[in-house]
Amino acid sequence: MDRYLIESLHTDKECRQAVKAVYAMGYLNNFDWGCKVGVHKGWVIIEADSESEAVLVVPPFLRSRAMAVKLVKFEPEQVNAMHET
Ligand SMILES: [Zn+2]
């Protein structure tokens with residue numbers, strides 16, 4: 001399985017609905033939110049087999065606006081092997 005960072009956007013008006021939907025889906029503990037500082041986004045890092053599977057963590061009404069980024073970690077050897085261009 002790969003790790004994905006999910007970014008889910010909602011509007012100020014959708015805030016309550018978004019948080020409640022995440023709670024109802026059982027993912028409240030997994031999400032971090034920017035809402036209290038006016039950034040109406042939720043973030044979560046999850047393990048999944050694909051991008052399309054990863055976005056299933058987002059409530060259906062917000063899914064089309066969600067972004068999934070496959071994450072990698074670099075090892076020191078890989079950094080050292082990077083060529084300057
Ligand atoms: Zn919000």
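**Zinc site and nonpolar core**

Cys 35 is buried, with a relative accessible area of 17% (buried means under 20%, with a 1.4 Å probe and protein chains only). This is a predicted model, in which local features need pLDDT of at least 70 and side-chain atom pairs count only at pLDDT 80 or more, while totals for chains, interfaces and linings use all residues. Residues are numbered from 1 along each chain as its sequence is written, and side-chain values use heavy atoms, without hydrogens and water.

User: Which protein donors does the zinc ion have?
Analyst: Donors are N, O and S atoms within 2.8 Å of the metal (3.2 Å for Na, K and Ca); water is not among the atoms, so sites may look incomplete. At 2.1 to 2.4 Å from the zinc ion lie His 10 (NE2), Cys 15 (SG), Cys 35 (SG) and His 40 (ND1).

User: What arrangement do the four donor atoms make around the zinc ion?
Analyst: Four donors count as tetrahedral if all angles lie between 85 and 135 degrees. The angles here are 104 to 115°, so the arrangement is tetrahedral.

User: Which residues have the most contacts inside the largest nonpolar core?
Analyst: A nonpolar core is a set of buried Ala, Val, Leu, Ile, Met, Phe, Trp, Tyr and Cys residues joined through side-chain atoms within 4.5 Å. The largest one has 15 residues. Those with the most contacts inside this core are Ile 6, Ile 46, Ala 54 and Val 57.

Conventions: Buried means under 20% relative accessible area, exposed over 50%, partly exposed in between (1.4 Å probe, protein chains only). Four donors count as tetrahedral if all angles lie between 85 and 135 degrees; four count as square planar and six as octahedral if opposite donors are over 155 degrees apart and all others between 65 and 115; anything else is irregular.
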